[in-house]
Structure formats: C-alpha cells, structure tokens
Amino acid sequence: MVVDTDAGALRARTAVVAVSPEALPSLTPLPAPPAHGLTTWWFRATGRPRTGPFLVLDASRRRGGPAGPVWNTAAISEAAPSYAPRDEVLVQATTLLGRTDGLAGEAEVRRDLARLYGTSTRGWEVLAHHVIPRATPAQAPGPVRRAAIRVGERVLVAGDHAETASIQGALVSGARIGALAAAGLA
C-alpha cells in the first residue's frame, strides 16, 4: 500500500486511519457518521462546590433528562487542582445543541448552575464559552457495535465513532485496532 503525504509517498503493509469522524470521507470510502453538538461554559467560581471531584449529571426532570439547559457540570479543579489557582475553582457546564435550550444564554446557564450547586453564581466569572457543532458521534440507544472497522484488506479505522461516543471509546477502539494491526504485521 502507498500513502501520499506532504513529505512524499510512504509504503506500508497496514494503515490505521484515526481521524475525526468528519474527515473519514476524505481518507476512506466511509461516510461521516452523524454527530451531536454541544456548548461548554467555563467559569472561575467562588467558594467550594458541594459536589467534590465528580461529574454532575442532571436527570431531575420527571421522565429523566435535565430540568434546565445544563446536562452535566463539574468542578474540574476539584479533580485536577492545578487547573485553577489556589482558592479558586474551575467549573464547566455543558448544554446540548440539538435541543431548544442548547444555546441557552449566560443568565439561564447561571440560574441552572445555582440550582445544581445550591449556591449563588453571581460572582462567577465566565472564562470561555465554546460552541462545538460536531462534538461527539451520535450513538443510538442499545448495545454498541464493538468490532474492528476494515476498509479494504490493509486499512483499519479507529475512533470513538467505532466504539462508544467518548474519549474512552476512542481509546478502546485505538487499542483494538493497534492490536489487530500488530497481529497482521507479525
């Protein structure tokens, strides 16, 4: 197999394609899988959160799901203290773009965080607000297909779109494809 790069042609017995899902069509015959978008708000918070170093998932609505726009939040610096100066807390809050409240404004996000953390958020400073239209591959409910993706005889595809839609899924997929590629080269 020959792979063309900016540095010239490379010969390989096996190639692993590990790219973002939207780049798949430019490198393989595979279509880009559907994806979900999200926004993430980053705050410099005052006080100590009552949640500790845990991700808070809001499922307080009657049939599940969040009561407000925030689906999950975490005091990141409680798990990684170096992420904020001493006596300050870095808090993230995530909303989902596929919902009517996915682009909730700062005031609505602050109100929801005040509810979730049981404290005032008036003194919290917004550090950043990221809107990511294709943040994670869409994943249907039910069992996840956990199989190696082959494109031809010697091209393997890895990524969270091939496993669970998460960083963990990307790592598991990469390990699986790495082992498969190594076995094929042995």
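R115 is partly exposed, with 37% relative accessible area (partly exposed lies between buried, under 20%, and exposed, over 50%, using a 1.4 Å probe and protein chains only). This is a predicted model, where local features need pLDDT of at least 70, side-chain atom pairs count only at pLDDT 80 or more, and totals for chains, interfaces and linings use all residues. Residues are numbered from 1 along each chain as its sequence is written, and side-chain values use heavy atoms, leaving out hydrogens and water.

R115 pairs up with D112 in a salt bridge, meaning a side-chain nitrogen of Lys or Arg within 4 Å of a carboxyl oxygen of Asp or Glu. The two sit three residues apart in helix α3 (residues 106–117), so about one helical turn separates them. D112 is buried, at 5% relative accessibility.

The structure has seven salt bridges, including these:

| Pair | N to O distance |
|---|---|
| R115 and D112 | 2.7 Å |
| E163 and R176 | 3.0 Å |
| R134 and E22 | 3.5 Å |

E163 is buried at 7% relative accessibility, whereas R176 is partly exposed at 25%.

Helices (H or I, at least four residues) and strands (E, at least two) are DSSP runs, numbered from the N terminus. R134 is partly exposed at 36%, as is E22 at 41%.

Elsewhere, R44, E88 and E125 join up in a salt-bridge network.
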